[in-house]
Amino acid sequence: MSDLAPYAANEAQSRGRLHAEPPPGNRGEFQRDRDRIIHSAAFRRLEYKTQVFINHEGDHFRTRLTHSLEVAQLARTIARNLQLNVDLSEAISLAHDLGHTPFGHAGQDALNSCMQPYGGFEHNLQSLRVVDHLEDKYASFRGLNLSFEAREGILKHCSLKNARKLGEIGERFINRQQPSLEAQLANLADEIAYNNHDIDDGLRAELLTVEQLRDVALFRRHHDAALKAHGALTAKQARHETTRRIINTLVVDLTETSRANIQAAKPKSIDEVRQHDKPLMAYSDEIAAESRALKKFLFDNLYRHHRVYRMTTKAQRVVREIFDALHGDVKLLPPDFHDEAKHAEDEAGRARVVADYIAGMTDRYALDEHERLFDPRRLR
Ligand code: MG
């Protein structure tokens with residue numbers, strides 16, 4: 001890739017894989033990472049997992065799979081414009097949500113609360129655990145054996161306590177260093193994607209109204225611009241014409257502000273990016289404030305909406321009841337997980353096997369498993 005900037009990740013300077021492998025013949029190392037992620041079982045399961053809505057609520061809502069594809073699409077565009085490593089930003093984007101539980105944040109909160117005595121549960125750390133350990137199909141190693149750079153990007157935050165246990169990949173949290181620009185980018189592309197598709201899905205589900213959203217400066221400005229450009233709009237057109245303008249504003253601002261930051265800091269390598277005192281990928285102050293206001297609006301009005309809250313409490317109950325049943329009697333686990341639980345060193349190890357099993361479930365699988373465990377009329 002000759003059009004790669006010196007500050008981009010490049011495979012010649014990669015910190016390598018945990019298990020050494022011969023170089024891929026017909027593709028790059030980061031392409032191989034991306035391909036392994038796409039071929040993983042955890043990636044396929046993203047199709048039936050959701051963030052805000054429950055999978056069976058409707059076919060048009062985003063799932064974690066379509067969300068991850070939107071993140072990758074945004075990251076690729078921005079990476080190309082800044083001469084970053086497109087393959088690596090795509091790989092990180094596609095993998096960033098692999099560790100999510102069923103039922104979005106409700107599921108994660110419930111599992112984290114169940115796991116409190118045993119080290120807690122954190123979806124971001126779980127994404128790393130999926131690619132490092134839980135995917136189990138290669139003869140020579142556990143996990144997908146991804147490059148350091150892909151793993152560094154997947155672990156976007158981490159407590160100091162966990163960082164100390166993780167070795168090399170946790171070091172940057174202890175040393176307060178930055179990840180690659182590709183990782184910084186995937187993180188921001190994630191936010192652009194969910195803020196905008198949650199507006200779209202929220203309006204379609206009638207959990208939000210246009211009138212309400214017009215209190216948010218970023219929305220009002222672009223809604224006005226869409227009306228000015230087209231006159232009357234249908235509800236569907238108004239949604240789309242507004243969010244596409246918001247996305248464009250965020251992408252252009254992020255690209256140009258980051259380009260200016262990079263030009264001022266002049267990092268000559270990925271290591272100089274890592275050692276910089278703050279992330280170089282960023283919005284202008286004005287757009288950062290507007291983006292935060294939108295995020296806060298969604299938090300207050302969508303994620304805490306009565307209908308979402310009611311669904312959330314049901315989902316949490318399902319996760320907690322499954323956890324208690326399986327942790328109380330690990331013989332109820334499917335044979336391969338039961339086997340892992342039998343060989344666990346201690347109570348925390350057994351609980352972790354149960355958490356791994358639950359975290360891997362899709363929304364519909366979790367509902368089904370709950371029935372299998374509790375409904376005596378279910379034969380299997
Ligand atoms: Mg995400």
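I take a polar contact to be a pair of N or O atoms within 3.5 Å, where, within protein, one must be able to donate a hydrogen and the other to accept it. The model I am reading is a predicted one.

Entry one, on R239. I looked up the side chain of R239 and found that it makes a polar contact with the side chain of D200, at 2.9 Å. I then placed R239 in helix α13, which spans residues 235–265. Is R239 buried or exposed? Its relative accessible area is 14%, which falls under the 20% cut-off, so I note R239 as buried. Leaving aside residues up to four places away in sequence, I list D200, L203 and R204 as the residues that R239 touches.

The crossing of α10 past α13 is right-handed.

I turned to α16, residues 306–328, and α19, residues 363–374, which pack at an angle of about 50° with their axes 10 Å apart. These two helices are therefore oblique to each other. I recorded the passage of α16 past α19 as a left-handed crossing. Which residues of α16 meet α19? I found V318, E321, I322, A325 and L326, and the contact as a whole divides into eight nonpolar residues, one polar and two charged.

How values were computed. Residues are numbered from 1 along each chain as its sequence is written. This is a predicted model: local features need pLDDT of at least 70, side-chain atom pairs count only at pLDDT 80 or more; totals for chains, interfaces and linings use all residues. Side-chain values use heavy atoms; hydrogens and water are left out. Axes are lines fitted to C-alpha atoms, for helices over the stretch in contact, and angles run from 0 to 180 degrees between N-to-C directions. Helices (H or I, at least four residues) and strands (E, at least two) are DSSP runs, numbered from the N terminus. Angles under 35 degrees count as roughly parallel, over 145 as roughly antiparallel, 65 to 115 as roughly perpendicular and the rest as oblique. A crossing is left-handed if the near helix is turned anticlockwise from the far one by less than a right angle, and right-handed if clockwise. Contact means heavy atoms within 4.5 Å. Ala, Val, Leu, Ile, Met, Phe, Trp, Tyr, Cys and Pro count as nonpolar, Asp, Glu, Lys and Arg as charged, and the others, Gly among them, as polar. Buried means under 20% relative accessible area, exposed over 50%, partly exposed in between (1.4 Å probe, protein chains only).
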